[in-house]
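Let's walk through a protein structure together, one piece at a time. Have the sequence and the 3D view at hand as you read.

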Amino acid sequence: MSAIWLLKTEPDTFSINDLQACPGGTSGWDGVRNYQARNRVRDEMNEGDCVLIYHSSCAQPAIVGEACVVSAPYPDPSQFDLDSGGFDNRSSREEPRWYQVDIRYLCTYPQPLSLKTLRQYAEFADMELVVRPRLSVQKVTERQFQRIQQLCMPESASA
DNA sequence: GCCAACGTTGGC
DNA sequence: GCCAACGTTGGC
């Protein structure tokens, strides 16, 4: 049973377009530096899981598209790299502190779902994005996922 | 750039 | 282990 995640990124730093432009549309999702988010990546993510990409800290905060997890969790290499900005001197190769997965671009939504619009739907009132907006690795329920797809890809919703 | 929410650090 | 101080996130 694959899970559904929402991953936040600042488009000025790494947008869904940047992900799409990566070789094979695939990139390591590095830079998670929060323990609760880390635990989800390290302990709960699996290859094959679905991913919603969310753009934060930008003009139009929104869910903008989909990706999928294409690796098992593994230590985030940037924690060992002094020049990466993600360096953490408390980490060691033997005891890595931060983990990542590789994700692969799937699609960009024809109609991104802005945070503003999402908040107008009562059915999203208990979504983590609304309740705990700062957590960078969020869980999405199957029901929420299907509704988001309906709203973001209206012409293909007639399944 | 402001500021509320909340995560982390570190002295005790 | 408490909690004050401080740092970060992210919408607005």
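## Starting at one serine

Serine 57 is exposed, because it has 11 other C-beta atoms within 10 Å. Here a residue is buried if 20 or more other C-beta atoms lie within 10 Å of its own, exposed if 12 or fewer, and partly exposed in between, with C-beta atoms placed from the backbone. You will find serine 57 in the loop between E3 and E4. Helices (H or I, at least four residues) and strands (E, at least two) are DSSP runs, numbered from the N terminus.

Serine 57 also has a positive phi of about 50 degrees, although it is not a glycine. Most residues other than glycine have a negative phi. The two strands E3 and E4 form a hairpin with 6 residues between them, and serine 57 is in the turn.

## How to read this model

This is a predicted model, in which local features need pLDDT of at least 70 and side-chain atom pairs count only at pLDDT 80 or more, while totals for chains, interfaces and linings use all residues. Residues are numbered from 1 along each chain as its sequence is written, and chains are lettered from A and ligands numbered from 1 in the order in which they are written.

## The sheet

Which strands make up the sheet, and in what order? There are 6 strands in an open sheet, ordered E2-E7-E4-E3-E1-E8, and the pairing is mixed. Strand E2 (26-28) and strand E8 (137-139) stand at the edges with a single partner strand each, so one side of each is left without a neighbour in the sheet. From one strand to the next, the twist averages 35 degrees.

Two strands count as paired if DSSP finds at least two bridges between them. Strands of a sheet pair through backbone hydrogen bonds, either parallel or antiparallel. Now follow the sheet across. E2 and E7 run antiparallel and are joined by 3 bridges, with serine 27 opposite isoleucine 103 in E7. E4 and E7 also run antiparallel, joined by 7 bridges, and isoleucine 63 stands opposite leucine 113 in E7. E3 and E4 pair in the antiparallel sense over 6 bridges, where histidine 55 stands opposite alanine 62 in E4. E1 and E3 run parallel, with 6 bridges between them; lysine 8 has tyrosine 54 in E3 as its bridge partner. Lastly, strand E1 (residues 4-9) and E8 pair in the antiparallel sense over 3 bridges, and leucine 7 has valine 137 in E8 as its bridge partner.

## A helix on the sheet, and the core

Helix H5 (residues 142-152) packs on the sheet, touching E1, strand E3 (50-55), strand E4 (62-69) and strand E7 (102-114). The direction of H5 makes about 60 degrees with that of E7. Axes are lines fitted to C-alpha atoms, for helices over the stretch in contact, and angles run from 0 to 180 degrees between N-to-C directions. Glutamine 150 has its place in helix H5 and is partly exposed, because 13 other C-beta atoms lie within 10 Å.

In soluble globular proteins, nonpolar side chains tend to be buried together. A nonpolar core is a set of buried Ala, Val, Leu, Ile, Met, Phe, Trp, Tyr and Cys residues joined through C-beta atoms within 7 Å. The largest such core here has 31 residues, and those with the most contacts inside it are Leu7, Val51, Leu52, Ile53 and Ile63. The elements giving two or more residues to this core are E1, helix H1 (16-21), E3, E4, E7 and H5, and E4 gives the most, with 5 residues. E3 is mostly covered, with 5 of its 6 residues buried.

## Beside the DNA

Which residues are around DNA strand C? They are Lys8, Ser56, Ser57, Pro61, Leu115, Lys116, Pro133, Arg134 and Ser136. A residue is near a molecule or strand if its C-beta atom, placed from the backbone, lies within 6 Å of it. Around DNA strand B are Asn34, Tyr35, Arg132 and Arg134.

By class, the surface near DNA strand C has 3 nonpolar, 3 polar and 3 charged residues, and the surface near DNA strand B has 1 nonpolar, 1 polar and 2 charged. Ala, Val, Leu, Ile, Met, Phe, Trp, Tyr, Cys and Pro count as nonpolar, Asp, Glu, Lys and Arg as charged, and the others, Gly among them, as polar.

Definitions and conventions:
Two residues are in contact if their C-beta atoms, placed from the backbone, lie within 7 Å.
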